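Here is a friendly briefing to read alongside the model. Have the sequence and the 3D view open as you go through the topics below.

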Amino acid sequence: MERTAVIIPLALGFIIVMIYILYVNGLCVVRAIRASLFFGNLTKYGVCKATVAGCSGYIKRIIKFNANGVYQYILESNIKKGELEVRIFDAKKEQEIVLNKEHPKASITVKGKQRYYMIVNFQTVTGNFTVSWQ
């Protein structure tokens, strides 16, 4: 009985640490959404895409670039209802760019090996979208 009391907290601690390491390196995505339908690929490098129906909430992802340079973000969306907005923040959490229906493209100058945060906000969205960067 004593072994179980020690092993379970250690296993939970290990799992939490691994999820944090994956998140910080851009391999794990945080999402808080309420949707009738959500189908997407959020962890592939260079693209974030989904098909949603009646979706409200947000998706938060960390992106790390290997080298310094200028990257272009492109929002391709076929939104039938609602509002979709993509925001990119730098390592100091200062807003760099905003993508939406009116402004689907923007460029950003990045520093290699730094974290950038991408947050996709939904307001009762129905349709599909793709955010890509290169």
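Predicted model: local features only at pLDDT ≥ 70, side-chain atom pairs only at ≥ 80, totals over all residues.

Residues are numbered from 1 along each chain as its sequence is written, and side-chain values use heavy atoms, with hydrogens and water left out.

**Cysteines**

- The structure holds 0 disulfides, a disulfide being a pair of cysteine sulfur atoms within 2.5 Å.
- Cysteine 55 has its closest cysteine sulfur in cysteine 48 too, at 11 Å, so a bond is again ruled out by distance.
- Cysteine 55 is buried, with a relative accessible area of 0%, whereas cysteine 28 is partly exposed at 22%. Here buried means under 20% relative accessible area, exposed over 50%, and partly exposed in between (1.4 Å probe, protein chains only).

**Strand pairing around E7**

- Strand E7 covers residues 115-133 and runs antiparallel to strand E3 (residues 47-64), with 15 bridges joining the two. Strands are DSSP runs of E with at least two residues, numbered from the N terminus, and two of them pair if DSSP finds at least two bridges between them.
- Arginine 87 has isoleucine 119 as its bridge partner in E7.

**Nonpolar cores**

- The largest nonpolar core has 28 residues, and Tyr73, Met118 and Val131 have the most contacts inside it. Such a core is a set of buried Ala, Val, Leu, Ile, Met, Phe, Trp, Tyr and Cys residues joined through side-chain atoms within 4.5 Å.
- At least two residues of this core come from each of E3, E4, E5 (95-99), E6 (105-110) and E7.
- E7 gives the largest share of this core, 8 residues.
- Apart from this core lies another, of 6 residues, including Tyr23, Val24, Ile62 and Tyr117.

**Two residues to look up**

- Valine 131 is in contact (heavy atoms within 4.5 Å) with Gly46, Val47, Cys48, Tyr73, Ile74, Leu75, Val86 and Met118, leaving aside neighbours within four places in sequence.
- Serine 132 lies in strand E7 and counts as buried at 17% relative accessibility.
- Not counting residues up to four places away in sequence, serine 132 touches Gly46, Val47, Gln72, Tyr73 and Ile74.

**Aromatic rings**

- There are 4 aromatic pairs in the structure. Rings of Phe, Tyr and Trp (its six-membered ring) pair if their centres lie within 6.5 Å; planes under 30 degrees apart count as stacked, over 60 as edge-to-face and the rest as tilted.
- Phenylalanine 65 and tyrosine 71 make a tilted pair, with ring centres 4.2 Å apart and planes at 40 degrees.
- Phenylalanine 65 also pairs with tyrosine 116, edge-to-face, at 5.6 Å centre to centre and 65 degrees between the planes.
- Because phenylalanine 65 sits in the loop between E3 and E4 and tyrosine 116 in strand E7, this pair ties together parts that are 51 residues apart in sequence.
- Phe65, Tyr71 and Tyr116 form one aromatic cluster; phenylalanine 65 is buried at 1% relative accessibility, tyrosine 71 at 17% and tyrosine 116 at 3%.

Key: Helix = DSSP H or I, 4+ residues; strand = E, 2+ residues; numbered from the N terminus.
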